[in-house]
Amino acid sequence: MVTGTATAGTVPTGTAPADQAAAVRERAWEVAAAVPDPELPMLTLADLGVLAGVEVTAPEGEGPGDVVTAWLTPTYSGCPAVAEMAADVDRRLRAAGFQDVRVRLRLDPPWSTDLITAEGRRKLAEAGIAPPRPTSAVAAPGPVLLTLGPTRGPGPATAAAPVVCPRCGGADTEELSRFGSTACKALWRCRACREPFERVKEI
Amino acid sequence: MHDHTAPADTADDHVYLSLAEATPGPEGEGRWAYGTGFADPLLGVDTALPAGLDAADLAAYCLMLGDDALILAQRLIEWCTRAPELEEEVALANLGLDLLGQARLLLTRAGQVDGSGRTEDDLAYWREEHDFRNVRLVETPNGDFAYSVARLLLFATARGALYEALSTHPDPVLAAVATRGVKELAYHREYATAWTLRLGDGTPYSSARMQAGLVAVWPLLDELFTAHPVELRAGVDPASLREPVLRSLTAVIAEAGLTVPEVPPLATVLGRAGRDGVHTEALGPLLAEFQVVARAHPGATW
């Protein structure tokens with residue numbers, strides 16, 4: 001099997017071609033999955049649920065080796081980090097010895113914060129960023145009438161699924177600003193420990 | 001960051017390090033700054049034209065929706081350094097970023113489908129005023145904060161309803177943009193609603209300013225529900241959105257203690273308006289500012 005040479009060492013010799021192909025695919029997945037997100041670098045693209053799939057197919061014509069295709073699903077429509085993610089996945093796969101690398105985008109199904117893995121949520125909380133709640137616990141988009149409230153307050157949908165402070169674990173938290181340093185985050189504050197914190201918004 | 005479990009090669013574990021390298025990206029060129037690796041926003045997405053759709057109509061339709069998003073994004077971004085508070089500036093820029101992302105996908109799709117091979121940048125920077133197909137609502141100057149909030153409320157409510165209807169469109173790209181956009185527009189509408197309530201139900205002065213904003217923007221609402229033949233052939237009849245959108249707007253306005261303006265729609269030119277490339281005098285200066293750098297340095301890359 002003509003495989004990216006640097007990967008051959010990780011594949012046990014003498015295994016059936018099907019097992020070998022699965023091992024190569026597994027290796028390619030691991031390389032792509034380890035790429036950190038540019039804006040939440042404590043998370044990998046796999047933690048974030050942005051890495052939608054990795055396929056390894058036979059070389060095309062006189063191609064240099066197996067074709068590795070990595071699929072990414074952008075978070076927000078305007079996420080400026082997508083190009084960086086694509087470039088980084090490409091770079092790391094080539095550095096790992098895969099020579100024919102293609103990074104592609106997949107828009108359907110759209111990304112959702114529900115795709116952030118349990119490991120990703122744990123890492124977010126550890127970094128002081130409140131992970132998103134399950135979207136099923138938050139009011140669905142639709143004609144929801146808001147009521148007038150203070151500029152700073154508990155924010156939407158708190159009773160059923162409170163936003164928990166990632167530092168002290170307190171549930172008495174309030175929204176400072178619906179928008180934060182990146183499109184995916186909002187700025188909150190804990191009323192128990194008084195620390196401000198960012199949180200990933202459900203989408 | 002306390003966690004170093006993820007990447008194996010910790011000497012190379014931050015994506016920004018890759019920017020210092022001149023290694024080729026998927027586009028075959030090095031990049032010198034974050035965000036300048038302008039990849040094709042539809043890279044690898046299945047872009048075959050579904051059977052039964054007319055290519056010219058679909059391209060024109062994507063251009064209409066893409067231009068709406070692009071021009072309003074530009075207006076929202078004009079609030080940078082001018083908003084009442086830093087938080088609002090960040091908010092408005094973020095909303096603009098969502099719309100810009102939608103515009104990039106829609107313009108790219110338009111250039112693909114019409115067979116011209118034009119990229120998003122070709123369409124954004126090298127078309128003249130009369131080639132833009134956006135509704136006039138998105139192009140008028142920002143006015144005061146109340147006017148911008150009122151405009152955003154109208155646009156986000158109507159566009160959210162349209163995207164909801166388009167999420168089952170036969171074109172996979174349009175459907176994907178719409179599906180993603182529904183959630184983004186819901187957030188925009190929440191933002192605009194919160195400010196409408198706060199200003200409308202605030203002091204007599206803030207209430208009067210918010211009411212004036214609604215009155216000023218209201219004549220531009222009708223165009224959102226006036227069907228262009230392309231919309232009828234390629235997408236959703238916007239007239240079908242009039243009733244639910246007005247019901248939603250009326251509820252917010254009533255809750256804010258304001259009144260639904262009773263003003264006639266802005267006149268058209270022999271029945272032609274934004275969807276036909278007939279715009280207000282505000283679009284030209286906006287485009288001049290928006291396009292000047294691209295036109296001063298044609299083909300420049302960085």
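This report describes the confidence, sheets, loops and helix contacts of a predicted model.

## Basis and confidence

Residues are numbered from 1 along each chain as its sequence is written, while chains are lettered from A and ligands numbered from 1 in the order in which they are written. Because the model is predicted, local features need pLDDT of at least 70 and side-chain atom pairs count only at pLDDT 80 or more, whereas totals for chains, interfaces and linings use all residues.

The average pLDDT (the predictor's confidence in each residue, from 0 to 100) of chain A is 82, and 82% of its residues score at least 70. Residues 1-11 of chain A have a pLDDT below 50; beyond near neighbours in sequence, this stretch has 25 contacts in the model, a contact being two residues whose C-beta atoms, placed from the backbone, lie within 7 Å. Where pLDDT is low, the predicted coordinates should not be read in detail.

Helices (H or I, at least four residues) and strands (E, at least two) are DSSP runs, numbered from the N terminus. Two strands pair if DSSP finds at least two bridges between them.

Strand β2 (residues 67-72) of chain A pairs with β3(A) in the parallel sense over six bridges; A:V67 stands opposite A:D100 in β3(A). Axes are lines fitted to C-alpha atoms, for helices over the stretch in contact, and angles run from 0 to 180 degrees between N-to-C directions.

## The four-stranded sheet of chain A

A further open sheet in chain A has four strands in the order β4-β7-β6-β5, with mixed pairing. Its edge strands, β4 (129-130) and β5 (173-177) of chain A, each pair on one side only. Strands β6 (residues 185-190) and β7 (residues 196-200) of chain A run antiparallel and are joined by five bridges. A:W188 has A:F197 in β7(A) as its bridge partner.

## Backbone features in loops

Most residues other than glycine have a negative phi, and most peptide bonds are trans. A:R194, which is not a glycine, has a positive phi of about 70 degrees; A:R194 is in the loop between β6 and β7 of chain A. The peptide bond from A:D108 to A:P109 is cis, with omega near 0 degrees. A:P109 is found in the loop between β3 (100-105) and α5 (118-126) of chain A.

## Helix contacts in chain B

Helices α4 (residues 145-166) and α8 (residues 242-255) of chain B have axes that come within 10 Å and cross at roughly 140 degrees. The pair α4(B) and α8(B) is therefore oblique; angles under 35 degrees count as roughly parallel, over 145 as roughly antiparallel, 65 to 115 as roughly perpendicular and the rest as oblique. Residues in the contact include B:L153 and B:A161 of α4(B) and B:P244 and B:V252 of α8(B).

Helices α5 (residues 172-200) and α6 (residues 204-217) of chain B pack at an angle of about 130 degrees, their axes 7 Å apart. The helices α5(B) and α6(B) are therefore also oblique to each other. On α5(B), the contact is made by B:T196, B:L199 and B:G200, and on α6(B) by B:S206, B:S207, B:R209 and B:M210.
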